[in-house]
Amino acid sequence: MKTPILTLAVLAMFTLPGYSAEPEQVRQLLRTNQCTNCDLREADLRRMELRNAELSGADLTRANLSGADLSGANLSDTDLRGANFRNANLRYANLKGADVRGADFTGAILTGTELEDAIRPRGFIDIPGRATLRQMLPPAQPRRYQPLPR
């Protein structure tokens, strides 16, 4: 009798997704479309309607947002490291100051997306089969000649 229960418990540990996100904060987001500074790490938000969502300062590390509609969403200053945005709609979303290192934007719609000051690996976001978004750096200032001191 103990063996089937133990087996079921072990199977549940390996088959159920492990979430670090605070369940109440996920419910708050889904209920109000707002979750500023929330802990949404590893949240499963696939195919969610999050148009114009207020998520500034949220921690979305390794969150699954594939196929989600985040058009017009405010994701400024968020932690998006390792997040999955495959086929997500980020049209006119605000990602100013977001950390997008390791995020997957394959097939994502990024028309009009604000990426100013976003932290990107090696200065660019590579979207396979689409485009490479390079960090816009100010033009280098010419250096003036400075004689070496004697």
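**Close-up views of selected side chains**

**View 1. A left-handed disulfide between C35 and C38**. The torsion about the S-S bond of C35 and C38 is about -90 degrees, so this disulfide is left-handed. The model is predicted, so that local features need pLDDT of at least 70 and side-chain atom pairs count only at pLDDT 80 or more, while totals for chains, interfaces and linings use all residues. Residues are numbered from 1 along each chain as its sequence is written, and side-chain values use heavy atoms, with hydrogens and water left out. The sulfur atoms of C35 and C38 lie 1.8 Å apart, and one disulfide (a pair of cysteine sulfur atoms within 2.5 Å) is what a search of the whole structure returns.

**View 2. The surroundings of Q34**. Q34 is found in the loop between helix 2 and strand 1, where helices (H or I, at least four residues) and strands (E, at least two) are DSSP runs numbered from the N terminus. With a relative accessible area of 46%, Q34 is partly exposed. Leaving aside residues up to four places away in sequence, Q34 touches Q28, L29 and E54 (contact means heavy atoms within 4.5 Å). Q34 and N52 are separated by 18 residues in sequence, and their C-alpha atoms are 8.9 Å apart in space.

**View 3. The stacked rings of F85 and F105**. The count of aromatic pairs comes to one. The ring centres of F85 and F105 are 5.0 Å apart and the ring planes meet at 5 degrees, so the pair is stacked; rings of Phe, Tyr and Trp (its six-membered ring) pair if their centres lie within 6.5 Å, and planes under 30 degrees apart count as stacked, over 60 as edge-to-face and the rest as tilted. This pair links distant parts of the chain, since F85 and F105 are 20 residues apart, each in the loop between helix 2 (23-32) and strand 1 (124-127). Both F85 and F105 are buried.

**View 4. D79 and the salt-bridge network around it**. D79, R81, D99 and R101 are linked in a network of salt bridges, a salt bridge being a side-chain nitrogen of Lys or Arg within 4 Å of a carboxyl oxygen of Asp or Glu. In the bridge between R81 and D79, the closest N and O atoms are 2.6 Å apart. D79 sits in the loop between helix 2 and strand 1 and is buried at 16% relative accessibility, whereas R81 counts as partly exposed at 36%. Residues up to four places away in sequence not being counted, D79 touches A58, D59, L60, T61 and D99.

**View 5. Two further salt bridges, R86 with D104** **and R41 with D39**. The count of salt bridges comes to 13. The side chains of R86 and D104 meet in one of them, at 2.6 Å from N to O, and this pair links distant parts of the chain, 18 residues apart, with R86 and D104 each in the loop between helix 2 and strand 1. R86 is partly exposed at 39% relative accessibility, as is D104 at 21%. R41 forms a salt bridge with D39, the closest N and O atoms being 2.6 Å apart; R41 is partly exposed, with a relative accessible area of 30%, whereas D39 counts as buried at 15%.

Notes. Buried < 20%, exposed > 50% of the residue type's maximum accessible area, 1.4 Å probe, protein only.
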